[in-house]
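Subject: Structure handover

Hello,

Please find the structure below, followed by notes on what turned up in it.

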Amino acid sequence: MGRIMGLDFGAKTVGVALTDPMRLIVSPEETIVRDKENKIRPTLRRITELAAEREVDFIVLGHPVNMDDTIGERARKTEEFAALLKRRFYEMGKDFEIVLWDERLSTMEADAVLELSGVRSRERKQYIDKIAAALILEDYLKNGMKNT
């Protein structure tokens, strides 16, 4: 059984979190930053590198569904990213399962966690995406994990 990777996909960043090998503990890992929203290849490369290095065999990708349960532009872009990521793994000979997981309000929750931790507003940007990824992954482990 390998680790599970959690991802919080944004316009210019992707927050990354990982479980331990037993899939019990979630840790924020890193934030991948892009210069432009459409420059996705280096992001895909970094995620696949991390997955190989950390022996990941399953990915939970935050799906930013609107509060009224509709699928907006950001959610569609996330779905496109999931397809690109799945294809990238397939080309590498790996059949990764990628689960889209409702992530409503995860960034706001991450900001609240950082505020309670005493992290000043201007410093939060460097942590918020990987904390959001960790919260998405924790929610999945608590509420959605079924024989993965």
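Phe-58 is buried, at a relative accessible area of 3%; here buried means under 20% relative accessible area, exposed means over 50%, and partly exposed is anything in between (1.4 Å probe, protein chains only). Before the rest, two notes on the basis of these values. This is a predicted model, in which local features need pLDDT of at least 70 and side-chain atom pairs count only at pLDDT 80 or more, while totals for chains, interfaces and linings use all residues. Residues are numbered from 1 along each chain as its sequence is written, and side-chain values use heavy atoms, with hydrogens and water left out.

Aromatic pairs

A search of the whole structure gives 4 aromatic pairs. Rings of Phe, Tyr and Trp (its six-membered ring) pair if their centres lie within 6.5 Å; planes under 30 degrees apart count as stacked, over 60 as edge-to-face, and the rest as tilted. Phe-58 and Tyr-140 make a tilted pair, with 5.8 Å from centre to centre and 35° between the planes. Phe-58 belongs to strand β4 and Tyr-140 to helix α4 (residues 121-143), so this pair ties together parts that are 82 residues apart in sequence. Helices (H or I, at least four residues) and strands (E, at least two) are DSSP runs, numbered from the N terminus. Tyr-140 is buried too, with 3% relative accessibility. Through ring pairs, Phe-58 and Tyr-140 form a cluster with Trp-101.

Phe-89 is buried at 1% relative accessibility, and Phe-96 is buried at 6%.

Nonpolar cores

A nonpolar core is a set of buried Ala, Val, Leu, Ile, Met, Phe, Trp, Tyr and Cys residues joined through side-chain atoms within 4.5 Å. The largest one has 21 residues, and those with the most contacts inside it are Met-5, Leu-7, Ile-47, Ile-59, Phe-81 and Leu-85. Two or more residues come from each of β1 (3-9), β2, α1, β4 (56-63) and α2. Apart from this core lies another, of 12 residues, including Ala-17, Val-60, Ile-136 and Tyr-140.

What does Ile-47 touch, leaving aside its neighbours within four places in sequence? Ile-47 is in contact (heavy atoms within 4.5 Å) with Met-5, Leu-7, Val-14, Ile-32, Phe-81, Leu-85 and Phe-89.

The β2-β3 hairpin

Strands β2 and β3 run antiparallel and are joined by 7 bridges; two strands pair if DSSP finds at least two bridges between them. They form a hairpin with 6 residues between them, and Arg-23 in the turn has a positive phi of about 65°. Ala-17 stands opposite Pro-28 in β3.

Ile-25 is in the loop between β2 (13-19) and β3, and is exposed at 53% relative accessibility. Not counting residues up to four places away in sequence, Ile-25 touches Leu-18, Thr-19 and Asp-20.

Salt bridges

The structure holds 9 salt bridges, a salt bridge being a side-chain nitrogen of Lys or Arg within 4 Å of a carboxyl oxygen of Asp or Glu. One of them joins Arg-46 to Glu-30, with 2.8 Å between the closest N and O atoms. Arg-46 lies in helix α1 (residues 41-53) and Glu-30 in strand β3 (residues 26-33), so the pair ties together parts that are 16 residues apart in sequence. Arg-46 is partly exposed, with 24% relative accessible area. A network of salt bridges links Glu-30, Arg-46, Glu-49 and Glu-53.

Lys-77 and Glu-73 form another salt bridge, at 3.6 Å from N to O. These two are 4 residues apart in helix α2 (residues 73-91), so about one helical turn separates them. Lys-77 is partly exposed at 26%, whereas Glu-73 is exposed at 54%.

Asp-95 and Lys-86 also meet in a salt bridge, at 3.4 Å from N to O. Asp-95 is exposed at 68% relative accessibility, and Lys-86 is partly exposed at 35%.

Regards
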